[in-house]
Amino acid sequence: FQAEDGIRDVERSRGLGDVYKRQGITLGIYIMTLCPTVWLSDCGELASVCYTMGIAHPTGYPLYTLLGKIFTIFISPPVLATNFMSAFFSAVAVIFLFLTLLQLDFPKLISAISALLLPLGKIMWDCSVSTEVYSLSSAIIWASIFFLFCWKNTAKPKYLILFAYIYGLSFANHIGAILWLPAIIFIIASNLRKLNFKVILSSALSFLLAWTIYIYLPVRSVQSPLLNWGAPHTLTRFFCHLTAWQYRVWMFSRPISEIWNSIGDMFQIILANLGWIIIIPALGFIGLFFTPRNNSHNSYSGDNKRKLTLIGLVLSIFIFDAFYSLNYVIPDIEPYYLPIAGIMAICSAGIWNIFRKPRWLSPVILTISAIIALIYNFSRCDQSDNYSGREYAENVLNIPLPVSYTHLTLPTN
């Protein structure tokens, strides 16, 4: 099986057209449940930063800011544009998850339906209906993982170089890209024979090239934009901003006893993602140990190396994501479990290896699961009538002075 041939086959086939339709439906569902205005948390700040080309809180999110500016040019008001941008890139993430499943040799229909369990889960859905950086992160990460598997299946250096650049871009959006590093190392380490010095050097340079987008921070900061968080135009401030220095107090500071108690909270978040449908990825994970029932065009079918790759990918993401998230003390921790939500979708495809006959049974099970997830999460994630953030701000500003006042500060240097 050649990934390059597989890409051409997907492009020619109805499979990709079908998945575009499915992701169009996903985007439509997100638009139906999209928050119409500013929400709480970082929503107002990020929308304002995109509109004014400012500097956001660490790590600055330069890629998000630049892309968000493009969306605000064509959609008004700005916060609606950035809300829509979240929905758009979540749909893009699902397309690359689908393509990754194809590279893992799952059938097209199974891949398409399984991929839908990511956007229909509560974790991803919540990130897709308001202004946040996580949907863009997911799109970039799944694009990079797709090209990594293209390299694995073909040994063609261009795919590894492209992977390195896209993965580097993911750090220009959110530092959470590090959650995927153990899985990436595992995949590359299991394919060392396909590497040579030239490929390694080219990939490293490609990765570093993607980081040059961070030049935006000091260049724009020195122009004193309206929002200039941390004013990172000096070397020290730039370093602190880039490394999220001020947030380190919340990282790996929990005592062991508190971590143990937080494990229950973690599983509540994971269970709430799909509800009782979580039984499908749980069964699918078992299915990863089985010999795939198909595939005339993939010489890796049933091979122990393929099983090891799949299981290693799933376990490394789950373990490291759980370890990191349990040791990061912030109230809005749910989006940090997006990698786990993604591997739940991959595991769901493993159902194909369990229910061998009749052939239609696995697609039907996955389709019913997707429909139930849609019904289960629609009302919980629907923000189409959520004006609470805007109303809160209006109520505060409408209180006469001096009972309430807004305190604005500007950097002194």
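**Burial, helices and backbone of a predicted model**

User: Is Cys 50 buried or exposed, and what is its relative accessible area?
Analyst: A residue is called buried under 20% relative accessible area, exposed over 50% and partly exposed in between, using a 1.4 Å probe and protein chains only. Cys 50 falls in the buried class, because its relative accessible area is 0%.

User: What kind of model is this?
Analyst: Residues are numbered from 1 along each chain as its sequence is written, and side-chain values use heavy atoms, with hydrogens and water left out. Local features need pLDDT of at least 70, side-chain atom pairs count only at pLDDT 80 or more, and totals for chains, interfaces and linings use all residues, since this is a model that is predicted.

User: How many disulfides does a search of the whole structure find?
Analyst: A disulfide is a pair of cysteine sulfur atoms within 2.5 Å. Cys 127 is in no disulfide, as the nearest cysteine sulfur, that of Cys 381, is 9.6 Å away. Across the whole structure, the number of disulfides found is zero.

User: How many helices does the secondary structure of the chain come to?
Analyst: Helices (H or I, at least four residues) and strands (E, at least two) are DSSP runs, numbered from the N terminus. With zero strands in the chain, its secondary structure comes to 20 helices.

User: At what angle do the axes of H14 and H19 cross?
Analyst: Axes are lines fitted to C-alpha atoms, for helices over the stretch in contact, and angles run from 0 to 180 degrees between N-to-C directions. The axes of helix H14 (residues 256-274) and helix H19 (residues 361-381) come within 8 Å, and they cross at roughly 110°.

User: How is H14 oriented to H19?
Analyst: Angles under 35 degrees count as roughly parallel, over 145 as roughly antiparallel, 65 to 115 as roughly perpendicular and the rest as oblique. The axes of H14 and H19 cross at roughly 110°, so the orientation of H14 to H19 is roughly perpendicular.

User: Which residues of H19 make the contact with H14?
Analyst: Contact means heavy atoms within 4.5 Å. H14 contributes Ala 272, Asn 273 and Leu 274, while H19 contributes Ala 373, Tyr 376, Asn 377 and Arg 380.

User: Which helices do the buried residues of H4 pack against?
Analyst: In helix H4 (residues 62-74), the buried residues are Pro 62, Leu 63, Tyr 64, Thr 65, Gly 68, Phe 71 and Thr 72. These buried residues of H4 pack against helix H3 (43-52), helix H5 (78-103), helix H8 (134-154), helix H9 (157-171) and helix H12 (216-221).

User: What is omega for the cis peptide bond that joins Ser 76 and Pro 77?
Analyst: Pro 77 has its place in the loop between H4 and H5. The peptide bond joining Ser 76 to Pro 77 is cis, and its omega is about 0°.

User: What is the phi of Asp 105?
Analyst: Asp 105 lies in the loop between H5 and helix H6 (108-116), and it counts as buried because its relative accessibility is 3%. Although Asp 105 is not a glycine, its phi is positive, at about 75°.

User: How far apart in space are Leu 315 and Ala 183, C-alpha to C-alpha?
Analyst: Leu 315 is found in helix H16 (residues 304-326) and is partly exposed, with a relative accessible area of 38%. Leu 315 and Ala 183 are 132 residues apart in sequence, and their C-alpha to C-alpha separation in space is 8.3 Å.
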